[in-house]
Amino acid sequence: MAVQQSVGQDPYFPGNGDLRYRVHRYELTLDYRPAPNRLSGTARINAIAGRGQLTEFQLNLADFRVGRVKVDGRTPHYTHRGGKLRVRPAKPVRAGAAFTVEVQWSGNPRPVNSPWGGLGWEELEDGALVASQPVGAPSWYPCNDRPADKASYHISVTTPSAYAVVAGGRLLTRTTKASTTTWVYEQAAPTSSYLVGLSIGKYQTVLLGDPGPGGVPQHGHIPAHLLPRFARDFARQPAMMELFQELFGPYPFDEYAVVVTEEELDVPVEAQGLSLFGSNHVDGERGSERLVAHELAHQWFGNSVSIADWRQIWLNEGFAKYAEWLWSERSGGRSAQQLAAGAHRLLFSLPQDLRLADPGRKSMFDDRLYQRGGLVLHAVRCALGDDAFFRMLRGWAGLHRGGAVTTANFTAHVGRFTDEPLDALFDMWLYGTTLPPLPRPGE
């Protein structure tokens with residue numbers, strides 16, 4: 001597993017996360033009642049202090065009532081306002097020492113405000129879902145909310161028995177008592193706070209394909225009336241899983257789940273080991289198949305190999321975009337070269353003022369970032385040739401599995417697979433704004 005990066009404060013979200021410590025594990029015990037949209041929870045957070053003595057630290061947590069806070073079993077001084085739970089332990093934590101924080105909270109969860117609208121916990125007509133990218137995680141639990149601080153998760157959710165609970169990771173137990181059921185999930189792999197996925201709804205569960213010995217279990221959780229359409233739209237996901245394991249290396253988690261909600265979503269949302277789709281993404285005609293490929297590819301690029309800060313987001317979205325093109329090419333659709341040409345034409349018609357390696361907060365989710373990111377990968381493929389390119393991709397996913405990376409890490413990694421320096425290519429595509437010529441094989 002890659003060593004976690006030591007990075008500075010995220011310039012796009014300087015109020016999120018605390019560099020003075022890192023979290024090793026979250027244990028979340030939640031009780032949710034959909035009708036009143038009432039959430040109460042207890043978090044046990046196992047963390048490690050950084051290089052300095054920890055006289056105070058902060059967690060990100062939205063506007064809940066905080067009932068209790070403990071640090072190593074003792075009550076600290078704390079304040080909670082403006083989305084920050086500031087904690088001053090009764091006894092400072094030594095540099096490099098392990099410590100445990102316990103927090104109890106309750107209230108009516110709602111999305112946190114962002115430039116892209118509400119993020120995080122979203123109450124549905126009959127249930128709830130979590131879509132946190134990039135800063136929505138504090139809408140439902142206290143966390144060190146920065147993508148490079150990755151931890152394991154143990155999540156227990158109690159809710160009325162009519163509802164299913166789906167979270168990223170392995171379902172350990174499901175226990176019904178009277179009118180409620182408790183679902184317990186374990187996500188052992190290092191996980192960024194924004195990638196902790198959760199969905200609560202009335203779903204039927206189906207197995208996608210036959211994983212066979214050593215295969216990856218893939219489940220769908222779908223409203224019953226959407227099952228026929230889902231069966232066609234997601235029929236080729238097991239083939240995608242096979243292809244991406246061939247191209248990117250072993251699937252990095254234990255299982256993969258997809259949830260389709262009753263309601264429409266603007267875009268599907270990736271989480272660790274889990275992707276969320278809206279009812280509008282299921283039409284029975286494979287109309288959103290490229291998005292099925294995109295979200296699956298994020299399990300390697302974005303989830304397992306995470307970004308050190310949000311300036312690096314093209315390393316998530318550009319790779320997932322290129323995975324769409326690779327799936328098309330290998331499944332009888334248009335070739336990556338044809339799709340790259342289409343993306344190039346589109347970008348040529350749009351303003352050329354986006355710097356991929358540091359797009360700015362306002363342009364993090366600009367479609368130009370996705371398209372140009374895909375073109376970077378195609379340009380590298382054209383420069384390296386297929387054999388070296390796919391060795392490079394598998395090496396990238398394997399070397400940094402469970403870690404956090406930067407653009408500089410990527411360009412250095414690519415350099416190991418070619419005798420010809422690619423500095424000019426990266427200067428144009430990553431650090432310049434003008435659109436370079438369409439990359440072609442052998443150029």
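Modeller: A residue is buried when its relative accessible area is under 20%, exposed when that area is over 50%, and partly exposed in between (1.4 Å probe, protein chains only). The model is predicted, so local features need pLDDT of at least 70 and side-chain atom pairs count only at pLDDT 80 or more, whereas totals for chains, interfaces and linings use all residues. Residues are numbered from 1 along each chain as its sequence is written, and side-chain values use heavy atoms, with hydrogens and water left out.

Biologist: Why is Glu 289 called buried?

Modeller: Glu 289 has a relative accessible area of 9%. That value is under 20%, so Glu 289 counts as buried.

Biologist: What makes the pair Arg 286 and Glu 289 a salt bridge?

Modeller: A salt bridge requires a side-chain nitrogen of Lys or Arg within 4 Å of a carboxyl oxygen of Asp or Glu. The N to O distance between the side chains of Arg 286 and Glu 289 is 3.8 Å, so the pair qualifies. By this rule the count comes to 21 salt bridges.

Biologist: Why is Arg 286 called partly exposed?

Modeller: Its relative accessible area is 28%, which lies between 20% and 50%, so Arg 286 is partly exposed. Arg 286 is found in the loop between strand 19 and helix 3, and it has a positive phi of about 55° although it is not a glycine. Helices (H or I, at least four residues) and strands (E, at least two) are DSSP runs, numbered from the N terminus.

Biologist: How do you know that Asp 366 and Arg 368 form a salt bridge, and how is each placed in terms of accessibility?

Modeller: The closest N and O atoms of Asp 366 and Arg 368 are 2.9 Å apart, so the pair meets the 4 Å limit. Asp 366 has 22% relative accessibility and therefore counts as partly exposed. Arg 368, at 12%, is under the 20% cut-off and therefore counts as buried.

Biologist: Which residues are linked in a network of salt bridges?

Modeller: Asp 18, Arg 20 and Glu 56 are linked in this way.

Biologist: What makes the buried residues of helix 9 lie on the same side?

Modeller: In helix 9 (residues 423-431), Leu 425, Phe 426, Trp 429 and Leu 430 are buried. They cover an arc of only 90° around the axis, which puts them on the same side of helix 9; the arc is that of the directions from the helix axis to the C-beta atoms. The face turned away from this buried side carries the exposed residues Asp 423 and Ala 424. What covers the buried residues includes helix 4, helix 5 (336-348), helix 6 (367-384) and helix 8 (407-415).

Biologist: Why is Arg 381 called buried, and what does its side chain meet?

Modeller: Arg 381, found in helix 6, has 9% relative accessibility, under the 20% cut-off, and so counts as buried. Its side chain makes a polar contact with the side chain of Tyr 322 at 2.9 Å. A polar contact is a pair of N or O atoms within 3.5 Å; within protein, one must be able to donate a hydrogen and the other to accept it, and residues adjacent in sequence count only if both atoms are side-chain atoms. Leaving aside neighbours within four places in sequence, Arg 381 is in contact (heavy atoms within 4.5 Å) with residues including Leu 326, Glu 329 and Phe 389.

Biologist: Why is His 281 called buried, and where is its place?

Modeller: The place of His 281 is in the loop between strand 19 (274-277) and helix 3 (289-297). At 5% relative accessible area, under the 20% cut-off, His 281 is therefore buried. Beyond its neighbours within four places in sequence, His 281 is in contact with residues including Asp 233, Asp 266 and Leu 291.

Biologist: What is the value of phi at Asn 37, and why is Asn 37 called buried?

Modeller: Phi of Asn 37 is near 50°, a positive value in a residue other than glycine. Asn 37 sits in the loop between strand 1 (21-33) and strand 2 (38-49). Its relative accessible area is 7%, under 20%, so Asn 37 is buried.

Biologist: What makes the peptide bond from Gln 133 to Pro 134 cis?

Modeller: Its omega is near 0°. Pro 134 lies in the loop between strand 9 (127-131) and strand 10 (151-160).
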